[in-house]
Amino acid sequence: MSKAPHHGRDHVPRRLVAATPVLPILIVFVIVVVDLVCGSGMTSVPLLAVGPALAATTNGPRGVLCVGLLAAALGAVLGIREGGQDRELAVVLAALMAVTLASGLASALRGRRERVLAAVRSVAEAAQHALLQPVPATVGPFQVAVRYSAAAAEARIGGDLYALVSTPYGVRLIVGDVRGKGLPAVGTAALVLGVFREAAYDEPDLLAVVARIERSLARNLGSDDFVTAVVAGYPRAGQLEVVNCGHAPPLLVRDGVVVPVEPDLPAPPLGLRTLSGESPALQVLPFADGDQLLLYTDGVTEARNHAREFYPLAEGLARHTCEEPADTVTSLHDELLAHVGGRLHDDAALLLLRRMPGADNALRGAGLSRYAAPPRGAINHMRTAPATERVPPSS
């Protein structure tokens, strides 16, 4: 009967191998070999300090100390072999050990900074999961795919926001972009998403959801802060509601043709309605089986290549559209990174909806009345927020 492998014992040699400063030790031996071949004498002994200095960039204090002791021992052998003066050799070896100690301290500080950075990144990841909650692959009658990239890759979180929820009034979603960057932008994004998730469940009217967000931002944002956003809802079969608040127009894909959904009445971004007095309008669009809607932030469309050319999102979407939204979004994201040369300079978010053929019938069969077919003439109309939903202008 065979015994189970001792995984703990196997890991010990692996850790030792990974922690061994191979390159610094190799450099030390190269210097020694060159000295033996060329007979350079004491002039090559100070070069042995390169070993512990290099080890400080890749290894911990123990690795640095091992390389330093090895370099000092080999330096002493070379000095004695070349007949160097005792005082001169002692000074060179003392300098070598001083470099080793300084390199060990630098290595310890580097390790501490790396641990702090790892802790900060783990907190950022937890904050991102709490703020930008994972979106399921299917919600109601939709297939969904999301791709988000923060410009500050180390932080993994930024000022772009998205959310998609299934409510008693149908599937509702938001994609937005907060003005500014850093922690203030993250805080504003958290505020918008919190209000949206609550209002989406409470308010039967999509414009009322937008009004709730507007009132909250008016109380909490400064005069120069705002959020551009698109809020959409699917209250019944074949009908998609869209409210655009100063955001880039979504792209509708129907029968392989990409069409931007331009707002009929431009509305100011969220947080600025008190300054303009204008209210957002509700657009109602037909949304049939197989139709897709891409919502995105300006980090996508304003991404430039080395020739200062913007990324052509509509053309890219037409090239990569398929029946799997996840594949489409992945292809768009990869092409976007290739366009900018590998790194984005602004946060970028992509959210793609695809109405699954026959999904509405299945939902109606399950007793979900909100997916009943809309009355004739209910498509392609527009209305603005009623007076009771409007934020009064400041005096």
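Residues with under 20% relative accessible area are taken as buried, those over 50% as exposed, and those in between as partly exposed. On this scale Arg319, with a relative accessibility of 48%, is partly exposed. The model examined here is predicted. Arg319 is part of helix α10, which spans residues 313-320. Its C-alpha atom is separated by 9.4 Å from that of Ser331, a residue twelve positions away along the chain.

The protein chain has 395 residues, of which 45% count as buried. Its secondary structure consists of twelve helices and twelve strands. The accessible surface of the chain amounts to about 19,900 Å², and carbon and sulfur atoms account for 60% of this surface. Among contacts between residues at least 6 apart in sequence, 73% join residues at least 24 apart.

Helix packing was examined for helix α2, which covers residues 22-38. Two packed helices are described by the angle between their axes and the distance between the axes. The axes of α2 and helix α3 (residues 50-58) come within 8 Å and cross at roughly 170°. The two helices are therefore roughly antiparallel to each other. On the α2 side, the contact involves Leu23, Pro24, Ile27 and Val28, and these meet Val50, Gly51, Leu54 and Ala55 of α3. Sorted by class, the residues in the contact of α2 with α3 comprise seven nonpolar, one polar and no charged residues.

The contact of α2 with α4 has eleven nonpolar, no polar and two charged residues.

Three aromatic pairs are present in the structure. The ring centres of Phe142 and Tyr234 are 4.7 Å apart and the ring planes stand at 75°, so this pair is edge-to-face. Phe142 belongs to strand β2 (residues 142-149) and Tyr234 to strand β5 (residues 227-236), so the pair ties together parts that are 92 residues apart in sequence. Both Phe142 and Tyr234 are buried. A tilted aromatic pair is formed by Tyr148 and Tyr162, with 6.3 Å from centre to centre and 55° between the planes. This pair links distant parts of the chain, with Tyr148 in strand β2 and Tyr162 in strand β3 (residues 160-167), 14 residues apart. Tyr148 and Tyr162 are both buried. Ring pairs also join Phe142, Tyr234 and Phe287 into a cluster.

Val243 is located in strand β6, which comprises residues 239-245. With a relative accessibility of 0%, Val243 counts as buried. Apart from neighbours within four places in sequence, Val243 is in contact with Leu206, Leu207, Val210, Ala229, Val230, Val231, Pro280, Ala281 and Leu282. The C-alpha atoms of Val243 and Leu282 are separated by 5.1 Å, although these residues lie 39 residues apart along the chain. Ala229, Val230 and Val231, which are among the contacts of Val243, fall within the residue range 227-236 of strand β5.

Backbone geometry was considered at two loop positions. Most residues other than glycine have a negative phi. Asp255 is not a glycine, yet has a positive phi of about 55°. This residue is in the loop between β7 (251-254) and β8 (257-260). Asp255 has a relative accessible area of 77% and is exposed. Arg308, likewise not a glycine, has a positive phi of about 65°. Arg308 is situated in the loop between α9 (298-301) and α10. With a relative accessible area of 55%, Arg308 is exposed.

How values were computed
Residues are numbered from 1 along each chain as its sequence is written. This is a predicted model: local features need pLDDT of at least 70, side-chain atom pairs count only at pLDDT 80 or more; totals for chains, interfaces and linings use all residues. Side-chain values use heavy atoms; hydrogens and water are left out. Axes are lines fitted to C-alpha atoms, for helices over the stretch in contact, and angles run from 0 to 180 degrees between N-to-C directions. Helices (H or I, at least four residues) and strands (E, at least two) are DSSP runs, numbered from the N terminus. Angles under 35 degrees count as roughly parallel, over 145 as roughly antiparallel, 65 to 115 as roughly perpendicular and the rest as oblique. Contact means heavy atoms within 4.5 Å. Ala, Val, Leu, Ile, Met, Phe, Trp, Tyr, Cys and Pro count as nonpolar, Asp, Glu, Lys and Arg as charged, and the others, Gly among them, as polar. Rings of Phe, Tyr and Trp (its six-membered ring) pair if their centres lie within 6.5 Å; planes under 30 degrees apart count as stacked, over 60 as edge-to-face and the rest as tilted. Buried means under 20% relative accessible area, exposed over 50%, partly exposed in between (1.4 Å probe, protein chains only). Accessible areas come from the Shrake-Rupley method with a 1.4 Å probe; for residues, only the protein chains shown count as cover.
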